[in-house]
Amino acid sequence: MNKEKVLVTGGAGFIGGNFVQHMVSKYPEYQIFNLDLLTYAGDLVKHKEIENADNYTFVKIDIADREAVMSLFKAEKFDYVVHFAAESHVDRSITHPEIFVKTNVMGTQVLLDAAKANGIKKFVHVSTDEVYGELDFDPTTFFTEETPLQPNSPYSASKASSDFLVRAYHETFGLPVNITRCSNNYGPYHFPEKLIPLTISRVLNEQKVPVYGDGKNIRDWLHVKDHCLAIDLVMHEGINGEVYNVGGHNEKTNLEVVQTIIKELGKSEELIEFVTDRLGHDKRYAIDPTKLQALGWKPTYNFDTGIAQTIQWYLDNKEWWEQILNGEYRNYFSDQYSIK
Ligand code: NAD
Ligand code: DAU
């Protein structure tokens, strides 16, 4: 019997990479294709353990390359598409918005055209809570699937645009789609430009940790493995055309997150350096995941154990992140921050 084929875009990145590993080990009956351009944020070192698995195939393609994407879809006739590939860092979208439009908007449209032309069972578009804009500090307010989209950064505007295209391909062409909107993820293979791995790696190197503004902005943290379980569920059980919010009610100020990591590592809070705030910095994100819970999802990690395990993972996998810190990332850091 032919195996069903699952195309995962962005499977060399943080969340896509965790999802590829989850799918390859859980579903030997599927052939998992990892399509990735291997930008600064993607690497295949993380897939050493699965690279020779019978049910794993890697293809290096730019999702915005229409010809290459079309010919891959025509040749492989995918059953499922799970779309993670994106430019994902808000700060980079403030300095270079154009690549966000190309990859996140145009790339998504190419994939939608390819899926439409070749017939698929499901297209899962992995989006973000940032499309809803920001909440104020009233702890009783949450983003639901009905919250209007009010993106504030070029990154979230590009993600919202892609969400609208996905919705339109469902409404206009009947493409079987779902959109997931998750809160901030953390866990293994998180690229060290993002707050949690940046803090862990810098504290371990006794370097100052840049906290934007007063550190009181709030994010709602979810372990990446719980996000992967949510996407697996939506891919198989999601009702076509529906949006599902993903989040585990783990709201923390940025300062609390940084202090927790410093404490776990037994270092001094003198490492904290308050720096100029991010432009357009969203105050607070907080997800109401009721709709996804009704589909059968619940998170398996709480923040305290999740962050402790993540810190341990970074201690055990120094080679992976040190390689990144010693590469092109150095130039990014010195351009982005005024501290050393
Ligand atoms: P990431 O930056 O770690 O990985 C992105 C991956 O996409 C990389 O492997 C990169 O090489 C690949 N890629 C980039 N441009 C490409 C292109 N043109 N063609 C093919 N591949 C390309 O991102 P992440 O944090 O893993 O996020 C994955 C998805 O999840 C994104 O769509 C993001 O918007 C969404 N999301 C992220 C979070 C989070 O907290 N990180 C939360 C909610 C949603
Ligand atoms: O909410 C989901 C989103 O979470 C995803 O869609 C994005 O792809 C992902 O990058 C993440 O966006 P954030 O901007 O929330 O993540 P980041 O790690 O960049 O920042 C988290 C918070 O920490 C934010 O309030 C800004 C702050 N921060 C960040 C950095 C990099 C600092 O204070 N200092 C820093 O150096």
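Let me start with surface. The protein chain exposes about 14,700 Å², and carbon and sulfur atoms supply 50% of that. Accessible areas here come from the Shrake-Rupley method with a 1.4 Å probe; for residues, only the protein chains shown count as cover.

Some ground rules. This is a predicted model, so local features need pLDDT of at least 70 and side-chain atom pairs count only at pLDDT 80 or more, while totals for chains, interfaces and linings use all residues. Residues are numbered from 1 along each chain as its sequence is written, chains are lettered from A and ligands numbered from 1 in the order in which they are written, and side-chain values use heavy atoms, with hydrogens and water left out.

Now the fold. The protein chain has twelve helices and 13 strands. Helices (H or I, at least four residues) and strands (E, at least two) are DSSP runs, numbered from the N terminus. The radius of gyration is 19 Å, close to the 20 Å that the globule rule gives for 340 residues, so the chain is as compact as a globular protein of that length. That radius is taken over C-alpha atoms, and the rule is 2.2 Å times the number of residues to the power 0.38. Along the principal axes, the C-alpha atoms fill a box of roughly 60 × 45 × 35 Å.

How much of the chain is buried? Of the 340 residues, 56%. Buried means under 20% relative accessible area, exposed means over 50%, and partly exposed is in between (1.4 Å probe, protein chains only). Next, contacts, meaning heavy atoms within 4.5 Å. Among those between residues at least 6 apart in sequence, 83% join residues at least 24 apart.

On to ligand 1. It has 28 residues around it, and I15, D36, S88, Y155 and K159 come nearest. Near means that a heavy atom of the residue lies within 4 Å. The shell divides into 14 nonpolar, eleven polar and three charged residues. For those classes, Ala, Val, Leu, Ile, Met, Phe, Trp, Tyr, Cys and Pro count as nonpolar, Asp, Glu, Lys and Arg as charged, and the others, Gly among them, as polar.

Which atoms pair up with ligand 1? The side chain of K159 puts an N or O atom 2.6 Å from a ligand oxygen. F84 uses a backbone N or O atom, 2.9 Å from an oxygen of ligand 1. D62 has a polar side-chain atom 2.9 Å from a ligand nitrogen. On its own, ligand 1 has 840 Å² of accessible area, and the protein covers 96% of it. β5 gives the most, with three.

Ligand 2 next. Here there are 23 residues around the ligand, with D129, Y155, R278, H281 and Y337 nearest. The shell has nine nonpolar, seven polar and seven charged residues.

L195 has a backbone N or O atom at 2.8 Å. H281 has a side-chain N or O atom at 2.6 Å. Taken alone, ligand 2 exposes 690 Å², and the protein buries 94% of that. α3 (90-95) and β8 (209-212) each supply at least two shell residues. β8 gives the most, three.

S162 sits in helix α5. It is buried, at 1% relative accessible area. Its side chain makes a polar contact of 3.1 Å with the side chain of H125. The S162 side chain also reaches the backbone oxygen of K159, at 2.7 Å.

N178 is in strand β6 (residues 177-182). Buried or exposed? N178 is buried, at 0% relative accessibility. Its side chain reaches the backbone oxygen of E242 at 3.1 Å.

Y132 lies in the loop between β5 and α5. It is buried too, with a relative accessible area of 2%. Its side chain makes a polar contact with the side chain of N245, at 2.7 Å.

Note on methods:
A polar contact is a pair of N or O atoms within 3.5 Å; within protein, one must be able to donate a hydrogen and the other to accept it, and residues adjacent in sequence count only if both atoms are side-chain atoms.
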